[in-house]
Amino acid sequence: MIRSRIYYFLWGMIGLFLLLLPKVLSMIHIHLATEILIFALFALSFNLVFGYSGLLPFGHGALFGVGAYVAVLIFKHFPGMPLLLTVLITALSGGLVAAFIGLFCVRLKAAYFALITLAFQMFLFAIALKWRSLTYGEDGMSITRPDLNLFGFGNISMHSVQNVYYLTLVIVTIGILICYLFLKTPLGNSVISVKEKDIRASFLGYNVFLTKLAVYSFSGIFASVAGGLYSFFQEFVNTAYIDLNMSMSAVFMTVIGGSGHFMGPVLGAAFYIIFQDWISSMTQHWWIWLGLVFVLIVYFEGGGLINLFNRERIDRFLSRLRK
Amino acid sequence: MHLPIEIYLVQMMHGLVYGMLIFLVASGLTLVLGMLDILNITHAAFYMLGAYFAYSITLQLGNFWLGLLIAPIFVGIIGVLIERIFLRKTYKGGHLSQLLITFGLLFIFGELVRIIWGTVPLDVSVPKLLEGSIPFGGMTYPIYRLFILCFSVLIFIGITLVLSFSRIGIIIRAAVSDAEMVNALGINIPLVFLGVFGGGAFLAGVAGVISVPFISVHSNTGLEVLLDCFVVIVIGGFGSLLGAFIASLMIGLLQSFGILWIPKLAIVFPFLLMVLVLILRPTGLFGVKE
């Protein structure tokens with residue numbers, strides 16, 4: 001049981017580290033850390049579909065964008081709305097949109113599924129671009145972050161970036177925990193069985209269609225929360241929040257981090273954003289390096305960065321330490 | 001809205017021209033998809049490379065026709081190399097890794113193009129021979145667009161003839177329906193795959209070259225065409241050349257008339273059509289049920 005105790009200890013350290021992070025980092029780096037947290041949730045929601053049910057949603061940025069737009073529209077048109085209610089509405093809208101898209105897509109095979117989700121994204125992108133009276137197209141909309149009202153415990157100002165970081169940390173942690181627990185439910189297990197072989201799963205009595213639809217909608221909820229958090233954090237939204245690159249970033253983060261492990265996308269998001277920040281200061285052509293890392297990982301079936309931390313390797317390391 | 005009939009005619013021609021361009025790109029994509037069961041996302045990069053090569057060759061040699069001759073060959077070679085180096089290994093690895101790897105390659109090519117040619121859109125002037133317009137139904141129509149139309153129709157007829165009557169065409173069609181069986185009959189399927197892949201890349205390169213004089217190329221050219229191609233192969237049915245042909249024309253016409261009638265929604269029409277087809281006929285218009 002030493003091992004599990006060590007793991008608890010490690011998780012505790014990571015939690016403590018994340019809590020203390022804003023105390024030591026500069027303003028710019030707090031920004032970066034917040035971004036990592038948000039994209040960690042986004043990539044994780046992507047991987048619920050990709051890694052666990054074996055479908056590749058190329059248009060996941062659509063759900064991120066829906067969240068971003070819904071949140072900003074609420075801030076803009078209903079300024080009095082409590083922040084937590086906004087989060088819930090954002091989550092719900094993402095789930096509903098995903099359920100609607102899923103209705104058409106989840107029956108389809110891999111390549112079709114990837115294409116049709118992409119098509120739906122282009123559709124939503126076109127709406128965001130063309131419905132200028134609502135979305136202001138490419139120019140986008142600016143907002144100021146409303147305060148967090150704790151119902152009787154006073155207000156927390158969201159003017160400071162530190163507080164935004166903590167709010168993001170709380171929401172993202174809850175989101176990741178819910179996703180983790182979801183996979184432990186019977187429904188979550190059936191998702192994995194569907195990935196293994198959906199014909200077999202259907203003979204075993206699972207409803208493959210509903211299972212896939214459920215996991216896609218569930219994933220939509222968290223992609224949308226991530227989007228809402230991002231536009232809240234940036235105090236801005238425009239069509240870049242719902243375009244192709246947004247979908248692509250989820251694919252890149254997840255594959256680079258490792259789709260075979262629950263925390264892989266989180267690691268991938270951290271790598272992606274730090275790497276992008278670091279390398280874009282040196283060259284403007286950072287996509288090519290990221291693309292190379294990506295292609296090499298897929299090509300050699302490397303399983304992503306998370307494999308550097310896999311259990312056997314850590315166990316080996318620990319046993320060597322004990323000697 | 002009452003517009004003179006000539007405008008409809010011209011708009012229809014625009015639609016047909018664009019549709020044929022899309023068809024040139026989509027034909028290779030759909031054949032590869034039907035045969036190898038690979039959705040080759042890098043295909044869009046072949047189109048873009050064709051356009052850029054044509055630009056450089058025309059600039060260096062001052063002759064567009066040489067570009068039309070040489071650029072697609074280069075693109076075909078690149079296609080063959082990619083099949084050999086990257087895809088050969090993933091045939092057994094399943095769809096997801098193929099989708100991911102071709103997708104990553106598309107981004108690498110996009111960035112390479114940005115490094116080599118920069119981000120400014122580039123133009124090539126229409127070759128001397130095809131400059132100007134001819135009278136057409138009471139209005140004038142640019143000769144170059146008519147050239148694209150005729151050229152693409154010739155290529156379509158050529159591919160159809162090769163596929164229907166030549167020995168290699170019969171092998172390819174057989175491989176589309178059951179590659180394993182054809183392999184068992186003693187035909188070198190990997191080589192046929194390679195040929196079709198290179199041929200598809202070549203066709204995409206041709207489309208890229210002939211599109212340069214009337215669409216200026218930039219580093220996102222590939223992505224734009226990619227989406228239309230996807231729509232076309234989904235509507236036409238995976239692996240169906242005739243389906244791709246008809247769907248391309250539908251998309252071309254839909255876009256040009258969409259711009260005429262409801263300009264705001266023109267870009268969503270193709271997707272709506274695709275969703276409609278998927279609901280009514282999930283395998284596409286000419287796709288085969290499994």
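This is a short tour of a predicted model, stop by stop.

Residue numbers start at 1 in each chain as its sequence is written, and chains are lettered from A in the order written. Because the model is predicted, local features need pLDDT of at least 70 and side-chain atom pairs count only at pLDDT 80 or more, while totals for chains, interfaces and linings use all residues.

**Stop 1: the contact between chains.** Show chains A and B together. Here 23 residues of chain A are in contact with 28 residues of chain B; contact means C-beta atoms, placed from the backbone, within 7 Å. On the chain A side, α5 (110-130), α11 (244-257) and α13 (286-299) each give two or more residues. Helices here are DSSP runs of H or I, at least four residues, and strands are E runs of at least two, numbered from the N terminus. Select α5(A): its 10 residues are the largest share of that side. By class, the side has 20 nonpolar, 2 polar and 1 charged residues. Nonpolar covers Ala, Val, Leu, Ile, Met, Phe, Trp, Tyr, Cys and Pro; charged covers Asp, Glu, Lys and Arg; the others, Gly among them, are polar.

**Stop 2: α3 of chain A.** Select residues 61-77 of chain A. Of these 17 residues, 14 are buried, so α3(A) is largely enclosed by the rest of the structure. Buried means 20 or more other C-beta atoms within 10 Å, exposed means 12 or fewer, and partly exposed lies in between, with C-beta atoms placed from the backbone.

**Stop 3: two helices in chain B.** Select α2(B), residues 43-61, and α3(B), residues 64-87. They pack at about 140 degrees, axes 8 Å apart. That makes α2(B) oblique to α3(B). Angles under 35 degrees are roughly parallel, over 145 roughly antiparallel, 65 to 115 roughly perpendicular, and the rest oblique. Show side chains at the contact: Phe46(B), Phe53(B) and Leu61(B) are among those from α2(B), and Phe64(B), Phe74(B) and Ile78(B) are among those from α3(B). The contact residues divide into 15 nonpolar, 4 polar and no charged.

**Stop 4: two loop residues in chain A.** Most residues other than glycine have a negative phi. Select Tyr136(A), whose phi is positive, near 60 degrees. Tyr136(A) sits in the loop between α6 (132-135) and β1 (141-142). Next, select Glu235(A), with a positive phi of about 55 degrees. Glu235(A) lies in the loop between α10 (208-234) and β4 (236-237).

**Stop 5: Met12 of chain B.** Find Met12(B) in α1 (residues 5-36). Met12(B) has 15 C-beta neighbours inside 10 Å, so it counts as partly exposed.

Note on methods. Axes are lines fitted to C-alpha atoms, for helices over the stretch in contact, and angles run from 0 to 180 degrees between N-to-C directions. Two residues are in contact if their C-beta atoms, placed from the backbone, lie within 7 Å. The expected span of a helix is 1.5 Å times one less than its number of residues.
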